[in-house]
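The structure comes first, then the entries.

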Amino acid sequence: MSILPHGSLSLSSLEEQWLQPGTKGLPIGAPLRQGAIGVQGWKVLHGDTSFPVGVLKLSALEHNLAWMRAFCERHGALLAPHGKTTMCPQLFGAQLAHGAWGITLATSTQVHTAYRFGVRRVLLANQLVARSDIRALLQLLHDDPDFECIVLADALAGVARLGEEVAAHPLARPLPVLVELGLPGQRAGCRTPEQALTVARALAGAPGLALAGFEGYEGLLVSDDRDADARAVAAFVDQLCALVLQADDEGLFEGPAILVSAGGSAYFDLVAQGFRQLHGLSRPLQPILRSGCYLTSDHGIYRAALAELDARTGAAAGQGLRPALEIWSMVQSRPEPDLAILGMGKRDASHDSGLPLALAMHRPGPGTPQALPPGCAIVRMNDQHAWLRLPEGPLREQLLVGDLVGCGISHPCTTFDRWPLLLAVDDDYLVRGACNTFF
């Protein structure tokens, strides 16, 4: 049973596969066809699943998909969401069905996974260096003329490696390449606009390669000083736009359109606004945003950033992007009055950008979860356990072994990779289906 639009991807194999006992989150003692999950009648709040369990709230996903589609339409931008966030074919399909131009990916193996399920336009936002990976991509492009993949380069050495492999394995059309503009002291990317133009000129003169545009990642500019961030992001986008104009003046671009791309998950509104300064080019412009975390958002770093985005864009309260990803676990132990040990840990939830946030408790059975009071916080995590500190008050007597605790997370990228299977639930936490990940 399909629970989300599939965007013409080939997902039937996932629904038809048999899930085995021991599949994380599933309470099964015998093999179960994945497509039958949604008719089991499992309710997370009744304690019907195995715990811990990772859930995706369908109403939040559907809201976020529609929100981002409307945002891109208003700003005249295309969306190629970063698939490394979820590596989930069902979510790729939903994003494509809601107007995504393509899917951004980070590695050769991710490209092959997405291709297997039917993704036919990819922006590979990382540089291919291993010759085996370059050859594998060229083989895909050779075998399927309808498959599109845009790759990156940030140095003459990268251009040379791509050029050598394309010369040895010719394609029917040139391989499109974006030049990456980076930031001093940060990760990949040309350190100056001058270096970026040097690489662009090399691409324009390389047989079998074509300069498609420029890209960068402004997410590296995120700090605790939001005003300074906004100025730095605007300046970075201005540099990208200046590169596009200069390269166009020199006649370096090949292909039917000029691509310019950036847009993490914190300041993509500023990126979209900045790209609007580009006009009067020799061919149509395709401004591409790459936010991946918008789809599920979170209760931590992105929720704070997106609240500021809502303020900048004038979004009404409650109408911005909503957290969709939660981890539910049971209280395993109450060893001290102010301490509850939960049956979830680093194997289940991200901790690289803040520990999970304790949201609600529920005694298994009918009813509505009860919001946890201020001062109730996860303070430590082990591989399989979380330490939940309880403030003074009645909660210390109320919370019992076997009660459920729902947690939000901070940074979805490093939570998805802990779950081969996430359960999709409605607002009553009735399980409607499942989403697979491939990390």
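In which helix is the place of Gln95? I found Gln95 in helix α3. I am reading a predicted model, in which local features need pLDDT of at least 70, side-chain atom pairs count only at pLDDT 80 or more, and totals for chains, interfaces and linings use all residues. Residues are numbered from 1 along each chain as its sequence is written, and side-chain values use heavy atoms, with hydrogens and water left out.

I took helices as DSSP runs (H or I, at least four residues), numbered from the N terminus. I looked up the burial of Gln95 and got a relative accessible area of 5%, so Gln95 is buried. Buried means under 20% relative accessible area, with a 1.4 Å probe and protein chains only. Leaving aside neighbours within four places in sequence, I listed the contacts (heavy atoms within 4.5 Å) of Gln95: Leu65, Pro81, Ala100, Ile103, Tyr294 and Leu295. Besides Gln95, I noted Pro89, Gln90, Leu91, Phe92, Gly93 and Ala94 as buried residues of α3. After α3 comes Gly99, with a positive phi near 95°.

I checked how helix α2 (residues 58-75) packs on helix α9 (residues 268-275): the angle is about 25° and the axes are 10 Å apart. Axes are lines fitted to C-alpha atoms over the stretch in contact, and angles run from 0 to 180 degrees between N-to-C directions. The two helices are therefore roughly parallel, a term for angles under 35 degrees. From α2, Trp67, Met68, Phe71 and His75 meet Phe268, Asp269, Ala272 and Gln273 of α9.

I then followed α9 to helix α10 (residues 301-313), where the axes come within 9 Å and cross at roughly 40°. Phe268, Asp269 and Leu270 in α9 meet Leu306, Leu309, Arg312 and Thr313 in α10.

I looked up nonpolar cores, meaning buried Ala, Val, Leu, Ile, Met, Phe, Trp, Tyr and Cys residues joined through side-chain atoms within 4.5 Å. The largest has 119 residues, and Phe214 and Leu388 have the most contacts inside it. Apart from it lies another core of 20 residues, including Leu19, Trp42, Val44 and Val431.

How values were computed
Angles under 35 degrees count as roughly parallel, over 145 as roughly antiparallel, 65 to 115 as roughly perpendicular and the rest as oblique. Buried means under 20% relative accessible area, exposed over 50%, partly exposed in between (1.4 Å probe, protein chains only).
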